[in-house]
Every structure is written in structure tokens, then in C-alpha cells.
Amino acid sequence: MPKELKGDMNGQGLHVGIVVARFNEIITRKLLDSAVETLIRYGVRDEDITVGWVPGSFELPVVAKALAKTGKYQAVICLGAVIRGETSHYDMVAGQAASGINSVGLETGVPTIFGVLTTENMEQALNRSGGKAGNMGTNTAVTAIETARLIEAASNS
Ligand code: INI
């Protein structure tokens, strides 16, 4: 019977960094509130969550990396909203944020969660930040805990 590794949904004792973009703050604040609320619901202590605001999604990776490199956090969550209707350089901002966030996780070994909404318009962004399509902040918190626990399990396997 193969041994199966699982990341259990226990946030107790975890330290989580969150980096959030101020651009489109009407959206990103909702993502942040939902991520924090979900972390706490799963047992992460309020004082073990550190939040850093950056100007825009493009800046998420560099600050995520600074947090990850401290060794103090078992997961870092990146939150942003890139809305195509409002920017001509949508593809560059969204693409660089995604690839930068991916690199931070691979380079530091700290799970770095991609919570950047990429939408065609503000309505879609509102729908996915607490409207009829849920709140992506919640998903990022669940993903952060599960992945941090899975990495812990892999390290002890
Ligand atoms: N940043 C975002 O997070 N979302 C956007 O939709 C956006 N637009 O529209 O341009 C955006 N731009 C700013 C960018 O992230 C950087 O802060 C800026 O380019 C300075 O590096």
C-alpha cells in the first residue's frame, strides 16, 4: 500500500505572510478580508498573520520573496486584481505577477499562493471577490494551509 501524503487543514501554529496590491483596492481589500477570516477559521492566530501592502500586482513577487526569505512564514499569499478593461498593459502586469509569484515559491521553497484576479471587467472582479462567484481570498487561505502542511508532511516522509 503506497504511503499517501496529505496536507491537513489545520492552521494552528502556522505563520502566514500576505502581500496585497493597493491597485483596485475596492477588490483587493475584499480578498484580504476573506483570506484573513478563513485563516483564522482554520486555526491560524491573528498575530501570526503579517500583511504588507504594495502599489500594484507587479510588485507582489519582490515583497513576497522578502517575506519568504525570512524563514518565518510557512506560506505567503499574494493578492491582487488586474482588470483588462482598465489597462492596456494587462497582459504584462498579469503575466509578470504570475511568473514572479511562481518563481518565489520555487526559489524559496515557501508555498507562495497566486491570488491575483485577472478579469475582463470590474463586474467580474466584484463577482469573484465576494459576489456570486465566491471570494478568491477564501481559496487562497485554504490553499496556503493545505500546501504548507503538505510540504511539512513531505519533509517528514
Ligand atoms: N496593477 C494592478 O494590480 N492591477 C491593474 O489592473 C493594474 N493596471 O491596470 O495597470 C496595475 N498596474 C500597476 C502595476 O502593478 C505596477 O504597480 C506599476 O506598473 C509600477 O510598477
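This report describes the fold of one protein chain and then looks at several of its residues.

## Basis of the model

The structure is a predicted model, in which local features need pLDDT of at least 70, side-chain atom pairs count only at pLDDT 80 or more, and totals for chains, interfaces and linings use all residues. Residues are numbered from 1 along each chain as its sequence is written, and side-chain values use heavy atoms, with hydrogens and water left out.

## Overall fold

The protein chain holds 5 helices and 6 strands, where helices (H or I, at least four residues) and strands (E, at least two) are DSSP runs numbered from the N terminus. Read from the N terminus on, the order of these elements is β-α-β-α-β-α-β-α-β-β-α.

The radius of gyration, taken over C-alpha atoms, is 15 Å for this chain of 157 residues, which agrees with the value near 15 Å that a compact globule would have. The globule rule behind that value is 2.2 Å times the number of residues to the power 0.38. Along its principal axes, the C-alpha trace spans about 50 × 35 × 30 Å. Among contacts (heavy atoms within 4.5 Å) between residues at least 6 apart in sequence, 80% join residues at least 24 apart.

## Surface and charges

Of the 157 residues in the protein chain, 43% are buried; here buried means under 20% relative accessible area, exposed means over 50%, and partly exposed lies in between, with a 1.4 Å probe and protein chains only. The accessible surface, computed by the Shrake-Rupley method with a 1.4 Å probe, comes to about 8100 Å², and 52% of it belongs to carbon and sulfur atoms.

The chain carries 14 positive and 16 negative charges, whose mean positions are 2 Å apart. In this count Lys and Arg are positive and Asp and Glu are negative, while His and the chain ends are not counted; each charge is placed at NZ of Lys, CZ of Arg, CG of Asp or CD of Glu.

## Helix α5

Helix α5, made of residues 136-155, has 20 residues and reaches 28 Å from its first C-alpha to its last, close to the 28 Å expected at 1.5 Å a residue. That expected span is 1.5 Å times one less than the number of residues in the helix.

The buried residues of α5 are Met136, Gly137, Thr140, Ala141, Ala144, Ile145, Ala148 and Arg149. An α-helix has 3.6 residues a turn, so residues three or four places apart point the same way. The buried residues of α5 pack against helix α1 (25-41) and against the strands β3 (75-83), β4 and β6 (134-135).

## Buried residues in the strands

Glycine 17 is found in strand β1 and counts as buried, at 0% relative accessibility. Leaving aside neighbours within four places in sequence, glycine 17 is in contact with Thr50, Leu67, Tyr73, Ala75, Val76 and Ile77.

Valine 82 has its place in strand β3 and is buried at 5% relative accessibility; its C-alpha atom is separated by 9.8 Å from that of alanine 21, 61 residues away along the chain. Threonine 119 lies in strand β4, residues 112-119, and is buried with a relative accessible area of 2%. Not counting residues up to four places away in sequence, threonine 119 touches Val82, Ile83, Arg84, Tyr90, Gln124, Ala125 and Arg128.

## Loops and a helix position

Serine 57 lies in the loop between β2 (49-54) and α2 (60-69), and it is buried with a relative accessible area of 4%.

Asparagine 24 is found in the loop between β1 (16-21) and α1 and counts as buried at 12% relative accessibility. Its phi is near 60 degrees, a positive value in a residue other than glycine. Most residues other than glycine have a negative phi. Alanine 98, in helix α3 (residues 90-108), is partly exposed with a relative accessible area of 29%, and its C-alpha atom is separated by 27 Å from that of leucine 5, 93 residues apart along the chain.
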